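Thanks for coming. Please have the sequence and the structure open while I talk.

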Amino acid sequence: MNNTPMRDSLLLDSHFQPVYSLAHRRTVGMEALLRASESGIPLPPLEVYQRYIRRGERVAMDLAVCAAHCRRFAAAGHAQRWLFLNVDAMTLSDPDCTGQLGTIIAESGIAPQLVVLEVLEQAIELDARLLEGVALLREQGCLLAIDDFGIGHSNIDRVCGLEPDFVKFDRHLLRNAVTQQRSRTLLSRLVRLMHEIGALVVEEGGKRFRRGGGAGFRL
């Protein structure tokens, strides 16, 4: 395990979680998740980010996490699978940091076309500079995923206008579809809509959702 040291004896590590395509019914990529520890004690990712309140420190830490994920993903040799990379909105909202992220991806040896930037749908609505940062990285070849679609007051028009390559639905929406017919019908319609705008619908964890009798429902 090649841990990346940070200040205050904080070590950053990566865990890769499979991303499952509902259309292809198979794993199509891996999502990089932060695993951190201090003096051998695991720390939740949210607690790590809360340590870096100042914008400069938070962005520097986020870039360090992205660099670690890219290096380990390249070293693991995940063939032609996509790397789903969660990027902090602050990082994408800074043109200089966006450029640094592009350099990190290039130096890792991963083709930009295999890197999927995961952006929370709610963050997109709040920050126009974030949209500019995403656009710059997409021009370099990176792909875009909208994360947590379906939570709160989701805006279908906004998502359609962005033309994402992937849409990851909120877990609660998927879980409700297991037991509720109305939620299942809504989910099926949303999946078809996403396909119509050219986006793949994916779920994290690579697990098929089940309903009552144990049979998997089809979307």
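I will go from the whole chain to one strand, and then to the end of the chain.

This is a predicted model, so confidence comes up before anything else. The mean pLDDT of the protein chain is 82, and 86% of the residues reach 70 or more. Among the elements, strand β5, residues 82-86, has the highest mean pLDDT, at 95. Strand β1, residues 4-5, has the lowest, at 51.

Now the overall make-up. The protein chain has 9 helices and 9 strands. Of its 219 residues, 45% are buried. The accessible surface comes to about 11200 Å², and carbon and sulfur atoms account for 52% of that. If you take the contacts between residues at least 6 apart in sequence, 66% of them join residues at least 24 apart.

Next, please find strand β8, residues 166-169. Which strands does β8 pair with? One is β7, residues 143-149, joined to β8 by 3 bridges and running parallel. Another is β9, residues 200-204, also parallel and also with 3 bridges.

Then look at the side chains. In a regular strand they alternate between the two faces of the sheet. In β8, Phe166 and Lys168 point one way, while Val167 and Phe169 point the other way. Are these four buried or exposed? All are buried, Lys168 included.

Last, the end of the chain. Over residues 206-219 pLDDT stays under 50. The model does have 28 contacts there beyond four places in sequence. Where pLDDT is low, though, the predicted coordinates should not be read in detail.

Methods. Residues are numbered from 1 along each chain as its sequence is written. This is a predicted model: local features need pLDDT of at least 70, side-chain atom pairs count only at pLDDT 80 or more; totals for chains, interfaces and linings use all residues. Side-chain values use heavy atoms; hydrogens and water are left out. pLDDT is the predictor's confidence in each residue, from 0 to 100. Helices (H or I, at least four residues) and strands (E, at least two) are DSSP runs, numbered from the N terminus. Contact means heavy atoms within 4.5 Å. Buried means under 20% relative accessible area, exposed over 50%, partly exposed in between (1.4 Å probe, protein chains only). Accessible areas come from the Shrake-Rupley method with a 1.4 Å probe; for residues, only the protein chains shown count as cover. Two strands pair if DSSP finds at least two bridges between them.
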